[in-house]
Amino acid sequence: MKILYDTAMPYANAFFSGLGDANAFELGSLNSEALVDVDALFVRSTTKVTAELLQKANKLQFVATATAGFNHIDVDYLERSGITWYAAGGCNAVAVAEYVIGAILQLAHEDNFNPFDKKVAIIGAGNVGTALSQILDGLQLNYVLCDPPLQEAGDRRSFVDLTDALQADIICLHTPLTSKGKHPTLHMLGKEQLLTLSAHQYVINACRGEVIDNDALLNCYSLGQHLNVVLDVWENEPFINHQLIPYVRLATAHIAGHTLEGKARGTSMVYDAFCKHLNLQSQLKLEQFLPRFENNPMVNSSNSSFNQLFQLVKYMYDIKKDDGIFRARMAKSKAFAAIRKHYPIRREFSAAEVTFCTEEADETNKKNVAKIAASIGFKIAN
Ligand SMILES: NC(=O)c1ccc[n+]([C@@H]2O[C@H](COP(=O)([O-])OP(=O)(O)OC[C@H]3O[C@@H](n4cnc5c(N)ncnc54)[C@H](O)[C@@H]3O)[C@@H](O)[C@H]2O)c1
Ligand SMILES: O=C(O)[C@H](O)[C@H](O)COP(=O)(O)O
């Protein structure tokens, strides 16, 4: 059994070497020759799995991506060719939701608004959208959901349409990239939709760049429209339009899902799916591999509730730092792919145990903040 996997899949060798002759490929190095006699191919979103790449894949029976999105895989071709495929939907849902919360609290801090007074719209209420809604529930932030496919399929949550969603204060995009079907998402936010937005609204795109028409966005900015947009994903990655960068409020290099947990869960879900395909019992579990988080956060309970939560979230994920690195490196070169490749280890809230430094007078405040922190995933020290 020959297995090829992307080097960017954490713990892949440990997961796959027991299942066959497992070898890694480096980003950008895979070609059709390398797929001769390969039985299983495991990628992340940076490898385009096309008919052309697979033209010499004489034995391929299983293709999997250790990512939620799978628009980089020609699934029609795989299905026509009798090759089983799998995508690790949900592997990094919590990571992206934490990124979005990091962005909202950072913008609230910079623009001096109270996030608890704002309404969030979650467009795309699947794995990521639901993980985000759970954190918003924990923080007691108002939100609406917009997901016509789920609504039509009978999902019992309540939904609004896109026009209503675009009136929310903070609009978060969590759809797949699709260009076919009844509800395509390609350029879902085009010129017409962007022109309806006001200077008091915020748009956060952490799904796929092409869901916002980037040329239309740049055009709006060039014409003087004030738009608060956070972009983790861009059209035409990694060769994005650099002209957009100075206008964007927070800019990152498609790393919203790049927590250690999110990436490693992707590997482990691919392992489970491949074992199932082979009719084997999975032997290995993600928990065996994740290291303990060593630098647990401490929070001062004499600060306001907002500041304590902001401090805590920023400690685990500082979006402003990623934004600074992005701007500095992108100013000098086409560093998009390199920033992603060398992205430092980031952990999810659930890895950390929080200690509160509390004077007696702050005890009630501490209890309130600790309750909220626990409900968004943190462990609380006694
Ligand atoms: N930035 C990152 O690092 C990162 C990480 C994870 C996922 N993603 C992207 O986010 C997407 C969502 O991830 P997920 O795991 O939640 O996927 P998912 O399939 O679980 O959920 C997507 C939801 O979007 C809905 N949807 C489809 N078309 C829609 C439309 N026109 N309007 C509103 N809703 C629509 C679907 O019904 C579904 O419920 C992925 O496909 C991927 O492209 C990005
Ligand atoms: O779809 C996904 O899961 C994400 O976009 C994922 O974080 C992409 O990661 P990459 O494949 O680029 O490492």
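Student: Where is the place of Asn-23?
Tutor: The model is a predicted one, in which local features need pLDDT of at least 70, side-chain atom pairs count only at pLDDT 80 or more, and totals for chains, interfaces and linings use all residues; side-chain values use heavy atoms, without hydrogens and water. Residues are numbered from 1 along each chain as its sequence is written, while chains are lettered from A and ligands numbered from 1 in the order in which they are written. Helices (H or I, at least four residues) and strands (E, at least two) are DSSP runs numbered from the N terminus. Residues 21–25 form one of these strands, and Asn-23 has its place in it: strand E2.

Student: Why does Asn-23 count as partly exposed?
Tutor: Buried means under 20% relative accessible area and exposed over 50%, with partly exposed in between (1.4 Å probe, protein chains only). Asn-23 counts as partly exposed because its relative accessibility is 37%.

Student: Which side chain does the side chain of Asn-23 join in a polar contact?
Tutor: Contact means heavy atoms within 4.5 Å, and leaving out residues up to four places away in sequence, Asn-23 touches Ile-3, Leu-4 and Tyr-5. A polar contact is a pair of N or O atoms within 3.5 Å; within protein, one must be able to donate a hydrogen and the other to accept it, and residues adjacent in sequence count only if both atoms are side-chain atoms. At 3.3 Å, the side chain of Asn-23 has such a contact with that of Asp-21.

Student: Is Leu-141 buried or exposed?
Tutor: Leu-141 sits in the loop between helix H4 (127–139) and strand E7 (142–146). Beyond its neighbours within four places in sequence, Leu-141 is in contact with Pro-115, Phe-116, Val-120 and Leu-136. Because its relative accessibility is 7%, Leu-141 counts as buried.

Student: How far apart in space are Leu-141 and His-242?
Tutor: Along the sequence, 101 residues separate Leu-141 from His-242. From C-alpha to C-alpha, the two are apart by 34 Å.

Student: Which backbone has a polar atom 2.8 Å from an oxygen atom of ligand 1?
Tutor: A residue is near a molecule if one of its heavy atoms lies within 4 Å of it; of the 30 residues around ligand 1, Asn-127, Val-128, Asp-147, Asp-232 and Gly-257 come nearest. The backbone atom at 2.8 Å belongs to Val-128.

Student: What percentage of the area of ligand 1 does the protein bury?
Tutor: Ligand 1, taken alone, exposes 860 Å², by the Shrake-Rupley method with a 1.4 Å probe. Of that area, the protein buries 88%.

Student: Which helix supplies the largest share of the shell around ligand 1?
Tutor: The shell divides into 15 nonpolar, 12 polar and three charged residues. H4 and helix H5 (148–152) each supply at least two residues. The largest share, three residues, is from H5.

Student: Which residue has a polar side-chain atom 2.8 Å from an oxygen atom of ligand 2?
Tutor: The residues around ligand 2 include Arg-44, Ser-45, Thr-46 and Arg-340. Backbone N or O atoms lie 2.7 Å from a ligand oxygen atom in Ala-68 and 2.8 Å from one in Gly-69. The side-chain atom at 2.8 Å belongs to Arg-208.

Student: What percentage of the area of ligand 2 does the protein bury?
Tutor: Ligand 2 exposes 360 Å² when taken alone. Its shell holds one nonpolar, seven polar and three charged residues. The protein buries, of the ligand's area, 93%.

Student: Is Ser-45 buried or exposed?
Tutor: Ser-45 lies in the loop between strand E3 (40–43) and strand E4 (62–65). Not counting residues up to four places away in sequence, Ser-45 touches Thr-65, Thr-67, His-72, Arg-208 and His-254. Because its relative accessible area is 17%, Ser-45 is buried.

Student: What share of the residues in the protein is buried?
Tutor: The protein has 13 helices and 14 strands. Its C-alpha trace spans about 70 × 55 × 50 Å along the principal axes. The protein exposes about 17600 Å², of which carbon and sulfur atoms supply 49%. Of its 382 residues, the buried ones make up 51%.

Key: Ala, Val, Leu, Ile, Met, Phe, Trp, Tyr, Cys and Pro count as nonpolar, Asp, Glu, Lys and Arg as charged, and the others, Gly among them, as polar.
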